[in-house]
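Take a walk through this model, one stop at a time. Keep the sequence and the 3D view side by side as you read.

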Amino acid sequence: MSALAPSVAIHVGTLETWATILSVAATAIAGDVLTAGAMRRIGDLDLIRERAGLGGAIRAVIGSPMFLLGVLCMALSFFSLLFTLSKVDVSLAAPASASLTFIGNAAAARLFLKENVDHRRWAAALFVCVGVLLLAH
Amino acid sequence: MKHTLKPSQYAILAAVMLTASVGDTLLAHGMRQVGPVSLQHLGLLLAALRNPWVITGILLLLGFFASYLTALSWADLTFVLPSTAFGYVVVALLARFWQHEHISLYRWAGIVLIVSGVGFVAGGPSLTEHPQPQHAEPPSEVQP
């Protein structure tokens, strides 16, 4: 049993590492999708600014509960990242969470925002995901 | 119908690409001048707000959020997001040609992949056409 203990500890450590990285990515995806959904409902900000001025555009954005929920998720993601960085090396945590966020966003945008994520956009998400991982080297 | 972008909208996307990366770089430069901040010396954060590099960095990051939201109001999330990743490329190229830092083959490969990814989506439509927008609020409802 004692011989197994270190490997079990390493396994739990790896699990915790990826759980914290996943929590960063999940909250970031929720923030991005909620923010994008809010902006879609509000409409073209350029047109709103032409019609109601900068103040009107800011009021339209801040008055959206979906946008505020998105910002809350982004804040949660930021604090999750800080928590993750206290346990995991930045060279793993930052690119891994960023890459997972890119792939997860493509799936979430298709599922929740009904975006047409065609082969071109899937390829873009994959290329950017791998590209971010390589930049961390 | 293929949604194409106006020159002003390309300018917004360029702002999305540049402001985040340059803002982060300026913030990092400013915080190096301010020095390490600890829980016992939180007052240093107020001192950081007087550093011109930090102030410019914060203004650029505010500009990033404004331009990011503007882009999301007329383009798909999966169209805008690769643009944000292009910021990594800008930082790497600034490091190579301005700071004369060495960039490994891995990083060059990463740059090529990100540029290719941005190129893939840039060639396609910017917005998904929905037959019936759900709960859409027309811009005219916003009062000045």
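Start with Ile48(A). This residue lies in helix α2 of chain A, which spans residues 45-62. Is Ile48(A) buried or exposed? Ile48(A) has 26 C-beta neighbours inside 10 Å, so it counts as buried. Now find Ile58(A). Ile48(A) and Ile58(A) are 10 residues apart in sequence, and their C-alpha atoms are 9.5 Å apart in space. Bear in mind that the model is predicted.

Next, the core. Nonpolar side chains tend to be buried together in soluble globular proteins. Here the largest nonpolar core holds 70 residues. Val128(A), Leu72(B), Val80(B) and Ile114(B) have the most contacts inside this core. Which element gives the core its largest share? That is helix α1 of chain A, residues 5-42, with 12 residues.

Stay with Val128(A) for a moment. Leaving aside residues up to four places away in sequence, Val128(A) touches Phe102(A) in chain A. Across in chain B, Val128(A) touches Pro82(B), Ala85(B), Ile114(B) and Gly117(B).

That leads to the contact between the chains. Chain A gives 40 residues to this contact, and chain B gives 36 residues. On the side of chain B, the elements that give two or more residues are α3 (52-74), α4 (77-97) and α5 (105-122). The largest share on that side, 10 residues, comes from α5(B). The residues on the side of chain B divide into 20 nonpolar, 13 polar and three charged.

Two of these helices also pack against each other. A packed pair of helices is described by the angle between the axes and the distance between them. For α4(B) and α5(B), the angle is about 150° and the axes are 9 Å apart. Angles over 145 degrees count as roughly antiparallel, and α4(B) and α5(B) are therefore roughly antiparallel to each other. The crossing of α4(B) past α5(B) is left-handed. From α4(B), the residues in contact include Phe79(B), Pro82(B), Ala85(B) and Val89(B). From α5(B), they include Arg107(B), Ile114(B), Gly117(B) and Val121(B). The residues of this contact divide into 12 nonpolar, three polar and one charged.

End in α5(B), at Gly119(B). This glycine is found in helix α5 of chain B. Gly119(B) has 13 C-beta neighbours inside 10 Å, so it counts as partly exposed. How far is Gly119(B) from Leu13(B) in sequence and in space? They are 106 residues apart in sequence and 13 Å apart in space, C-alpha to C-alpha.

Terms used
Residues are numbered from 1 along each chain as its sequence is written. Chains are lettered from A and ligands numbered from 1 in the order in which they are written. This is a predicted model: local features need pLDDT of at least 70, side-chain atom pairs count only at pLDDT 80 or more; totals for chains, interfaces and linings use all residues. Helices (H or I, at least four residues) and strands (E, at least two) are DSSP runs, numbered from the N terminus. A residue is buried if 20 or more other C-beta atoms lie within 10 Å of its own, exposed if 12 or fewer, and partly exposed in between; C-beta atoms are placed from the backbone. A nonpolar core is a set of buried Ala, Val, Leu, Ile, Met, Phe, Trp, Tyr and Cys residues joined through C-beta atoms within 7 Å. Two residues are in contact if their C-beta atoms, placed from the backbone, lie within 7 Å. Ala, Val, Leu, Ile, Met, Phe, Trp, Tyr, Cys and Pro count as nonpolar, Asp, Glu, Lys and Arg as charged, and the others, Gly among them, as polar. Axes are lines fitted to C-alpha atoms, for helices over the stretch in contact, and angles run from 0 to 180 degrees between N-to-C directions. Angles under 35 degrees count as roughly parallel, over 145 as roughly antiparallel, 65 to 115 as roughly perpendicular and the rest as oblique. A crossing is left-handed if the near helix is turned anticlockwise from the far one by less than a right angle, and right-handed if clockwise.
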